[in-house]
Amino acid sequence: MEIAKNADLKNPELLAAIDAMQEDNSKENVDKMVNLVMNSKFISPAKIQPPQNVAKSQNGKTVMQQQSQVQFRLIQNGEQQQYFPAFTDEDEMKKWKGAESDSDMMLVTFEDYANMLADPNSPVSGFVINPFGKSVAFPKNMVMSLMQQLQASKNGGFVKKQFNKDEKLQFSDPEEYPIDMMAAVISLLQDRDDVNSAYLRLFKHESAEKPSYLIILDFSGNMEEIFTAVAKAASPHLDGMQLSMMPYGLDIAQKAVEGVQPFFTKEN
C-alpha cells in the first residue's frame with residue numbers, strides 16, 4: 001500500500017462491472033467484477049502516526065528503527081460489524097460524511113485488505129466498496145477464499161501450507177476422477193525420469209470449507225521444481241477445485257495411500 005499523493009484515482013471499468021453485476025447477477029458478471037476488484041486499487045482514509053523508534057533484533061543485537069503507524073478508518077453496519085471502506089475514487093469518498101478532512105488517503109489493493117483481515121486478532125469483518133454509493137461488500141471469509149485462489153494462480157495452481165500436528169486431515173477417493181487432469185499429469189511424468197509414482201486422493205483439512213485434489217508423488221529430484229511442473233500441467237483441468245501435493249516420503253502421505261494403486265508408475 002502507498003500514500004495517495006493526489007486523488008486522481010479512477011476505476012471506470014470496475015464501476016461499470018459493478019453496475020452490470022447489480023443489474024444482472026449472472027456468474028459471468030460476478031466473475032468479471034470480482035476479477036477487477038482483485039486487480040484494482042482503492043482509496044482508504046487513514047491516520048498516519050509520525051515515525052516512532054521500534055526495537056528490532058538483528059544479528060543478535062537490538063537496534064532501534066523508525067516506523068510509521070497507519071490506523072485505517074472503519075465503518076459499521078447495522079449489525080455492529082466493522083468494515084474497511086474501499087472507495088473507487090475521491091467522489092465516492094466525499095459521500096462519507098464521517099470522513100475527516102485531515103485524514104490521509106492510502107492506495108490499497110485487494111491483497112492489502114486480505115493481509116490485514118488475515119490477522120487473527122483483527123475485529124474487522126471485511127471490506128466494502130463504495131459504502132455510500134452502489135456498494136459491494138466482501139466479507140472476511142470470501143476475501144480469504146479469493147486470496148487463496150490468487151496465491152494458487154501465482155504458484156502454478158497450488159498453495160504452500162504447513163499444517164499443525166494436531167489438525168485433523170481427511171482422505172478419500174474422488175466421487176468422479178478428473179480424467180483430463182490425470183492424463184495431463186501422466187503425459188508430463190512420462191517425460192521425466194525423477195518421478196517413480198503418483199497417487200490421487202481427495203483431501204480435506206478441518207479449517208477448509210471444501211476438499212481439494214491431492215497428488216502424492218514418489219520422486220528423487222527437486223521437490224519445488226517437480227511440484228511446480230505438475231501444478232502447471234494440472235491447473236487447466238481443475239474445474240474450480242484446488243490442488244494439494246505431498247511427497248511420498250511423509251508418514252502422513254504413506255498412510256493416505258495405503259491400499260491405493262498409483263495412477264502413474266515409471267517404467268523400468
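This is a predicted model: local features need pLDDT of at least 70, side-chain atom pairs count only at pLDDT 80 or more; totals for chains, interfaces and linings use all residues.
We can start with the packing of helix 6 against helix 7. Helix 6 covers residues 179-190 and helix 7 covers residues 223-234, and their axes come within 8 Å of each other, crossing at roughly 140 degrees. That angle makes helix 6 oblique to helix 7, since the cut-off for roughly antiparallel is over 145 degrees. As for handedness, the crossing of helix 6 past helix 7 is right-handed. On the helix 6 side, the contact is built from Met 181, Ala 184, Val 185, Leu 188 and Leu 189. Helix 7 answers with Ala 229, Val 230, Ala 233 and Ala 234. Sorted by class, the contact between the two helices comes out as nine nonpolar residues, with no polar and no charged ones.

Charged side chains come next. Side chains of opposite charge can pair when their charged atoms come close. Searching the whole structure turns up six salt bridges. One of them links Lys 27 to Asp 31, with an N to O distance of 2.7 Å. Both partners sit in helix 2 (residues 27-37), and because they are four residues apart there, about one helical turn separates them. An α-helix has 3.6 residues a turn, so residues three or four places apart point the same way. Lys 27 counts as exposed, at 65% relative accessibility, while Asp 31, at 39%, counts as partly exposed.

Lys 95 lies in the loop that runs between helix 3 (90-93) and strand 6 (104-109). Setting aside residues up to four places away in sequence, Lys 95 touches Phe 132 and Gly 133. Along the chain, Lys 95 and Phe 132 are 37 residues apart, yet their C-alpha atoms are separated by 6.1 Å.

Glu 92 also turns up among the neighbours of Asn 130. Asn 130 belongs to the loop between strand 7 (126-129) and strand 8 (136-139). Despite that loop position, Asn 130 is buried, with a relative accessible area of 1%. Leaving out residues up to four places away in sequence, its contacts are Leu 15, Ala 86, Phe 87, Thr 88, Glu 92 and Ser 135.

Finally, there is helix 4, made up of residues 110-117. Six of its eight residues are buried, so the rest of the structure largely encloses this helix. The buried set consists of Phe 110, Asp 112, Tyr 113, Ala 114, Met 116 and Leu 117.

Key. Residues are numbered from 1 along each chain as its sequence is written. Side-chain values use heavy atoms; hydrogens and water are left out. Axes are lines fitted to C-alpha atoms, for helices over the stretch in contact, and angles run from 0 to 180 degrees between N-to-C directions. Helices (H or I, at least four residues) and strands (E, at least two) are DSSP runs, numbered from the N terminus. Angles under 35 degrees count as roughly parallel, over 145 as roughly antiparallel, 65 to 115 as roughly perpendicular and the rest as oblique. A crossing is left-handed if the near helix is turned anticlockwise from the far one by less than a right angle, and right-handed if clockwise. Contact means heavy atoms within 4.5 Å. Ala, Val, Leu, Ile, Met, Phe, Trp, Tyr, Cys and Pro count as nonpolar, Asp, Glu, Lys and Arg as charged, and the others, Gly among them, as polar. A salt bridge is a side-chain nitrogen of Lys or Arg within 4 Å of a carboxyl oxygen of Asp or Glu. Buried means under 20% relative accessible area, exposed over 50%, partly exposed in between (1.4 Å probe, protein chains only).
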